[in-house]
Each structure stands twice: as C-alpha cells, then as structure tokens.
Amino acid sequence: MSLTLQSSFLSSPSRLKLISSKSTAVRRSPSTYYPCIRALELDQNTIVGISVGVLSVAVGIGIPVFYETQIDKSATRENNQPCFPCNGSGSQQCRFCIGTGNVTVDLGGGEKEVSNCINCDGAGALTCTTCQGSGIQPRYLDRREFKDDD
C-alpha cells in the first residue's frame, strides 16, 4: 500500500511517499525550491508581497479612522485639566524683564538706563501661548491645526 502526502492546491519541494514495507523518501527536483499554490501558481515571495500590500492598505485606512474616532470622543469629554506652563493662571511671567516690567541696561562707567520692557510693554506678564489665556490645558489634537490643501 502506498500513501502520498499531497494536496491538490499545495505542492511542496519534498513530497514524501510512504510505502508500508519500506519507508523511503522520494524527493522532487530542486527546481521548485519554495512551496507554491498550484491553483494560482504563486510562490512564497509573491504571497509575502501581496500580504504586505494588503496590510499597508489596512494600516493606511485604519490610522485616519482611529484619529477621527478619537476627535469625536474628545469632543464629548469635559476638559478641566489646568494648563501646565501657566499653572492655570492664563498668563506667564515675561522672560525679558523677569516679571518686573522694566529692563535695566548697564551703559558702562557706572551709568544705567531703566526702560519699559519691549516684550510685555511694562506689564511683566504675557498671555499664555499654550492655553491662550483660558488656564485650561488644551487636548493634543486641539493644539494641532489641520489644513486641507486640496
């Protein structure tokens, strides 16, 4: 009795033919090195290429869909986290005058000139650029500006 391990759709390079009296292996020619789907005549490299293409399309569609659903979910959630840079105050200390509103310039020879800060106009503080003065930390997607260039 002779048993052959085979499929009508899959051919492999080494088919084993099992014989009940002797267990010998018969190998095919090395011309077919990779397994091949006989119905479509596709080798392993082609199958991998098609799989990578399908996966790339799925990821290319999935990521924008994920972002859209996150935008919709964030619109329904309440945002009450205080702004990190200004600690929820809505204003930040001016970096030029260090909150004094005046800038002192040493002219040399012991002379000093004090003038209003040109960055904050003498106020000593500026509106927080992260929260735009609201004191609430904006969400990640709210901080990004998406433009449609079409």
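Predicted model: local features only at pLDDT ≥ 70, side-chain atom pairs only at ≥ 80, totals over all residues.
Visitor: Which pattern does the protein follow when read along the sequence?

Guide: Along the sequence the protein reads β-β-β-β-β-α-β-β-β-β-α. There are 9 strands and 2 helices in it.

Visitor: How many of the residues count as buried?

Guide: A residue is called buried when its relative accessible area is under 20%, and exposed when that area is over 50%. Of the 150 residues in this protein, 13% count as buried. The protein exposes about 12,100 Å², and 55% of that area is supplied by carbon and sulfur atoms.

Visitor: What share of the contacts comes from residues 24 or more positions apart?

Guide: Among contacts with a separation of 6 or more, 46% are between residues 24 or more positions apart.

Visitor: Let us turn to a pair of strands. How do β7 and β8 run, and how many bridges join them?

Guide: Strand β7, residues 102–108, and strand β8 run antiparallel and are joined by 6 bridges.

Visitor: How many residues of strand β8 are buried?

Guide: The count is 0 among the 6 residues of β8, which spans residues 111–116, so the strand is hardly covered under the cut-off for burial.

Visitor: Where does Q137 lie, and is it buried or exposed?

Guide: Q137 belongs to the loop between β9 (125–127) and α2 (140–143). Because its relative accessible area is 12%, Q137 is buried. A polar atom of the Q137 side chain lies 2.8 Å from the backbone nitrogen of F84.

Visitor: Which residues form a nonpolar patch on the surface?

Guide: The patch is formed by L55, V59, I63, F66 and Y67, and together they have about 490 Å² of accessible area. One of these residues, F66, is found in helix α1, residues 44–76. With a relative accessible area of 48%, F66 is partly exposed.

Visitor: Where is I98 placed, and what is its phi?

Guide: I98 sits in the loop between β6 (91–93) and β7. The phi of I98 is positive, about 55 degrees, although the residue is not a glycine. Because the relative accessible area of I98 is 60%, the residue is exposed.

Visitor: What distance separates the C-alpha atoms of I98 and G124?

Guide: These C-alpha atoms are separated by 7.0 Å, while the two residues stand 26 residues apart along the chain.

Visitor: Where does A123 lie, and is it buried or exposed?

Guide: A123 is located in the loop between β8 and β9. Its relative accessible area is 58%, and A123 is therefore exposed.

Visitor: What value does phi take at D121, and where is the place of D121?

Guide: At D121 phi is near 55 degrees, a positive value in a residue other than glycine. D121 has its place in the loop between β8 and β9. With a relative accessible area of 65%, D121 is exposed.

Notes: Residues numbered from 1 in each chain as written. Heavy atoms only, no water. Helix = DSSP H or I, 4+ residues; strand = E, 2+ residues; numbered from the N terminus. Buried < 20%, exposed > 50% of the residue type's maximum accessible area, 1.4 Å probe, protein only. Contact = heavy atoms within 4.5 Å. Areas by Shrake-Rupley, 256 points an atom, 1.4 Å probe, with all protein chains shown as cover. Polar contact = N/O pair within 3.5 Å; in protein donor to acceptor, adjacent residues only side chain to side chain. Pairing = 2+ DSSP bridges. Patch = residues over 30% accessible without salt bridge, like charges linked within 9 Å, V, L, I, M, F, W, Y side chains within 5 Å. Salt bridge = Lys/Arg side-chain N within 4 Å of Asp/Glu carboxyl O.
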